[in-house]
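Here is a short report on one protein model. Look over the sequence and the fold, then read on.

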Amino acid sequence: MTVFHFFNCAILTFGPHAVYYSATPLSEYDTLGTSVKTALVYLGTALVKLVCLATFLKVSENDSFDPYQELLKALIGFIDVAGLYFALTQLTHRNISQNHKFQAVGLGWAFADSVLHRLAPLWVGARGLEFTWDYVLQGIEANANLVLSISLAALGSLMWLRKNKPRTLIPIIYICAGIVATMPSITSYLRRGLGWHLPKVVGFELFTSLVMAFISCQLFAACQRPSI
């Protein structure tokens with residue numbers, strides 16, 4: 001039963017990444033190499049973030065919300081934006097469109113994040129003797145992170161790769177990218193500052209990811225239209 005629970009949670013956590021790749025044109029254009037290279041960029045970015053967190057953050061004796069520490073975490077979190085910038089603009093990609101490029105980059109980024117942050121806890125905890133909903137919620141959270149990562153990659157492609165975008169949309173693009181980039185700090189505040197429990201936080205992440213995906217899709221479509 002414990003192994004069955006582990007496999008269920010693992011499929012819920014990592015399965016949507018494979019489904020997204022196979023169900024979209026990404027598989028037809030063979031963008032797997034782009035996703036793999038992006039995953040390696042994520043690992044390098046995560047290492048830099050780890051060094052910065054260990055250098056500049058103090059070890060808290062309790063789990064209370066510290067605004068200064070969270071602000072510092074949010075600033076360090078923007079290293080992810082730099083990593084996405086590198087993945088979108090500096091990596092060599094095959095002859096794929098901008099539309100497929102940001103999806104492949106977002107997919108690789110989200111998969112690497114899930115492997116790095118969720119595989120070990122899942123392997124250790126989901127095989128325990130006592131059933132818990134925490135790892136099911138962790139899988140749902142990974143799905144929300146997948147949507148947010150693709151949304152941030154889409155916004156990043158508009159910021160850095162799309163030159164002839166409408167000027168009225170530029171502030172909206174940057175505001176949305178800032179919201180998505182600071183989502184870890186927002187959820188940390190909800191959890192530790194307001195005392196939200198995990199199901200409520202995951203529900204918020206899921207709702208926010210869908211809203212940001214819709215907005216990103218509309219912005220991308222608006223920037224694709226020829227200017228009159």
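## L158 and its contacts

L158 touches Q98, K165, I173, L219, F220 and C223, leaving aside residues up to four places away in sequence. Contact here means heavy atoms within 4.5 Å. The model is predicted: local features need pLDDT of at least 70, side-chain atom pairs count only at pLDDT 80 or more, and totals for chains, interfaces and linings use all residues. Residues are numbered from 1 along each chain as its sequence is written, and side-chain values use heavy atoms, without hydrogens and water.

L158 sits in helix α6. Helices are DSSP runs of H or I with at least four residues, numbered from the N terminus. The relative accessible area of L158 is 1%, so this residue is buried. Buried means under 20% relative accessible area, exposed over 50%, and partly exposed in between, with a 1.4 Å probe and protein chains only. L158 and V180 are 22 residues apart in sequence, and their C-alpha atoms are 14 Å apart in space.

## Helix α6

Helix α6 covers residues 134–160, which is 27 residues. From first C-alpha to last, α6 reaches 38 Å, close to the 39 Å expected at 1.5 Å a residue. The expected span is 1.5 Å times one less than the number of residues.

How much of α6 is buried? The count is 23 of its 27 residues, so α6 is largely enclosed by the rest of the structure.

## Helices α2 and α5

Helix α2 (residues 32–56) packs against helix α5 (residues 98–125) at an angle of about 50°, with the axes 7 Å apart. Axes are lines fitted to C-alpha atoms over the stretch in contact, and angles run from 0 to 180 degrees between N-to-C directions. The two helices, α2 and α5, are therefore oblique to each other. On the α2 side, the contact includes T34, Y42 and T45. On the α5 side, W109, D113 and H117 are among the contributors.

## D80

D80 lies in helix α4, which spans residues 79–89. Is D80 buried or exposed? D80 is buried, with a relative accessible area of 17%. D80 touches T45, K49 and W109, not counting residues up to four places away in sequence.

## Annotated spans

An unreviewed UniProt entry lists "transmembrane region" for residues 39–59, 71–88, 142–161, 168–190 and 202–223. Such annotations may be inferred rather than shown by experiment.

Residues 168–190 are 87% helix and 0% strand, with end C-alpha atoms 32 Å apart. Residues 202–223 are 100% helix and 0% strand, and their end C-alpha atoms lie 31 Å apart. A strand is a DSSP run of E with at least two residues.

Definitions and conventions. Parallel < 35°, antiparallel > 145°, perpendicular 65-115°, else oblique.
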